[in-house]
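Subject: Structure handover

Hello,

Here is the structure I promised to pass on. Please open it first, then read my notes beside it.

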Amino acid sequence: MSESDSQEQVAVVLPDGSALEVNADATVEDCAYEIGPGLGSDTVAGKLDGDLVAKEQPVYDGAELEIITEQSDEYLDVMRHSAAHCLAQAVERLYDEGAVKLAIGPPTDEGFYYDFDNLDIDAEDLADLEDEIAAIIEADYEIEREVVSIDDAEARLADEPYKLELLEELAEEEDTVTFYSQGEWEDLCAGPHVDSTGEIGVVELLEIAGAYWRGDEDNTMQTRIYGTAFEDEGDLEDFLERKQEAEKRDHRRIGNEMDLFSIQDVTGPGLPLYHPAGKTVLKELEDFVEDLNKDAGYDYVETPHVFKTDLWHRSGHYENYQDDMFIFDVGDDEFGLKPMNCPGHAAIFQDHSWSYRDLPIRYAENGKVYRKEQRGELSGLSRVWAFTIDDGHLFVRPEQIKSEVEAIMDMITDVLETFDLEYEMALATRPEKSVGSDEIWTRAEEQLESVLDSHGHEYDIEEGDGAFYGPKIDFAFEDAIGRSWDGPTVQLDFNMPERFDLNYVGEDNEEHRPVMIHRALYGSYERFFMMLIEHYEGRFPLWLAPEQVRVLPISDDNLGYAHRVANEFDDFRVEVDGRDSTLERKIRAAHDDRVPYQIIVGDNEEADGNISVRDRFEDQEYDVEIEAFKTHLEDEIEDQRTEPDFLQDE
Ligand SMILES: [Zn+2]
Ligand SMILES: [Zn+2]
């Protein structure tokens, strides 16, 4: 180490928390070699303070360093980014007569895409592109990284207007940029990449779509090609199978088939309209949380959809969030649609004087909020402009955090278990920049940890991932086909009470600040509804099903009896299929409409005053007494059972 004694040293922090001293000009790869020669030669890329970087990137003092090898989860991202480059290279080889312009080509959760301007191809061309990509992989070009001055970069990108636009922005911060090249092709790119095209496994192109440059509808519409890459054929097959399963469950298609909701051009983008069947499901979801809220001592409040922006100045949303808000003038005043319900609830709390004995105060509202997402990003119920949060805000004394959060956790797990959703939890703790005293942070984090410990379910601690205004507990859950979703959160807030100057009078007769807790059990109804549609493939549990029972007369002669039977079931959502059609067709239709139970009535049933019951597993039971089936339906609904089980529990 005598050589390094004379050099300036920096220290990086390794994942196990230990510090590694290296020369000040050391790269990620140098650090890996320092840890061990095996790791050094396996290094593909690195992560510095959570950002994926090239292995050639110099480290800096105090950085948290993670070495990325083929074994890391992030390796797939690196390989897919390299696959995106192969796609662009293939496009330029096959379709470029100088006209195609390159935009961006990042990896995504499921693969990668690349955006091109002036590229006119359709789905039939994807096979040719895949062949060309395979040839590029086969050729095993070395992928070379080069550090280039801004002037040089400008000269190289003279024909690429979109790249020049990106370069201009980079030039504001950096003196140099990096290029990656493979064979005859190169791209302005921060990387990282695999060492050669031969290291990319299998690539499959998935679809072609339109995409606005930078997601902004005022810009040019470009051609986006989506693809994915895996290390081997088996992983790709698994992925394609899961994708097909997800498409079968697509909530937009099922929502249309079941007439649950629509999003129309004439009413506006990202603004879902719930049809009667959809609202029926939503209403059941609302009633479910309303019961939980009332049992847990919440009071319902209601606030308007629009407020004067004075409120958003006070809450801080105006400074931090105005680009995502719908803001407009009325006379001399400025107003905004609410992007969050919290400030309205804080204003209600502020309108009283409170004693410590009054706390906790718990407000609940199904609050509609409006957030201006990029139009190009809007999709079904998953990304919308208008959505409703099953919102709740609590104002508590600092020593009440534990018991209140405990109660909220019980409500959340009740909801997730009702829908058979496996979940994970994580505690996000104080970030570097934060408001609030050390005392309140320590106290709050200790209480949250003790709640999580006593909850008896494993959890992760995400150090420094809390909001600047308080720590939080995040839930993530898994649906029926193993996809992971962001779930509910419990968020502590030390900031809003300051901004709104919220107080209560303590036992000591002094004024004190309450802590605010934000919580939602579903999160947004829209996203939860979408998830449920896909989770159940539209086959909702009986208590949620828009149509619970359908009566099918075997022939027109039994129509009168069918209606009398339907009347017997008028406590349930029941319909009669009175069409002049065969029984087989009526059964088919009820099945396609995902109705949990069919009641079939013919001459025999009519003579006996009984019914036949058929469930959606196509099992049938004859000679059932009407009263017995009613009782069964009531119990199945009451218990919120997830599958029809009349024939299963006999
Ligand atoms: Zn790139
Ligand atoms: Zn809130």
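How many bridges join β16 to strand β18? Three do, and the two strands run antiparallel. Strand β18 covers residues 333-337.

First, some ground rules. This is a predicted model: local features need pLDDT of at least 70, side-chain atom pairs count only at pLDDT 80 or more, and totals for chains, interfaces and linings use all residues. Residues are numbered from 1 along each chain as its sequence is written, chains are lettered from A and ligands numbered from 1 in the order in which they are written, and side-chain values use heavy atoms, leaving out hydrogens and water.

Helices (H or I, at least four residues) and strands (E, at least two) are DSSP runs, numbered from the N terminus. Two strands pair if DSSP finds at least two bridges between them. Three strands form an open, antiparallel sheet in the order β16-β18-β17. Its edge strands are β16 (306-308) and β17 (327-330), and each pairs on one side only. Look for Lys308, which stands opposite Phe335 in β18.

A donor here is an N, O or S atom within 2.8 Å of the metal (3.2 Å for Na, K and Ca); water is not among the atoms, so sites may look incomplete.

Start with ligand 1. The protein donors of this zinc ion are His81 (NE2), His85 (NE2) and Cys189 (SG), 2.1 to 2.3 Å away. Their spacing in sequence is H-x3-H-x103-C. Both His81 and His85 sit in helix α4 (residues 75-95). They are four residues apart, about one turn of the helix. Both are buried, meaning under 20% relative accessible area; exposed is over 50%, and partly exposed is in between (1.4 Å probe, protein chains only).

Now ligand 2. Cys342 (SG), His393 (NE2) and His518 (ND1) coordinate this zinc ion at 2.0 to 2.4 Å. Cys342 is in helix α13 (residues 342-350) and His393 is in strand β20 (residues 386-396), so the pair, 51 residues apart, links distant parts of the chain. Why does Cys342 count as buried? Because its relative accessible area is 6%. His393 is buried as well, at 0%.

**The cores**

A nonpolar core is a set of buried Ala, Val, Leu, Ile, Met, Phe, Trp, Tyr and Cys residues joined through side-chain atoms within 4.5 Å. The largest has 60 residues, and Leu285, Val405, Phe419 and Phe540 have the most contacts inside it. Domain 3 (273-304 + 355-536) and domain 4 (542-639) both give residues to this core, so it lies between them. The domain bounds come from an automatic or database domain assignment. A second, separate core has 36 residues, including Met79 and Cys86.

One joins Gly191 and Pro192, with omega about -5 degrees. The other joins Leu359 and Pro360, with omega about 5 degrees. Pro360 is in the loop between α13 and β19 (361-370).

Arg214 has a phi of about 60 degrees although it is not a glycine. Arg214 is partly exposed, at 37% relative accessible area.

Best wishes
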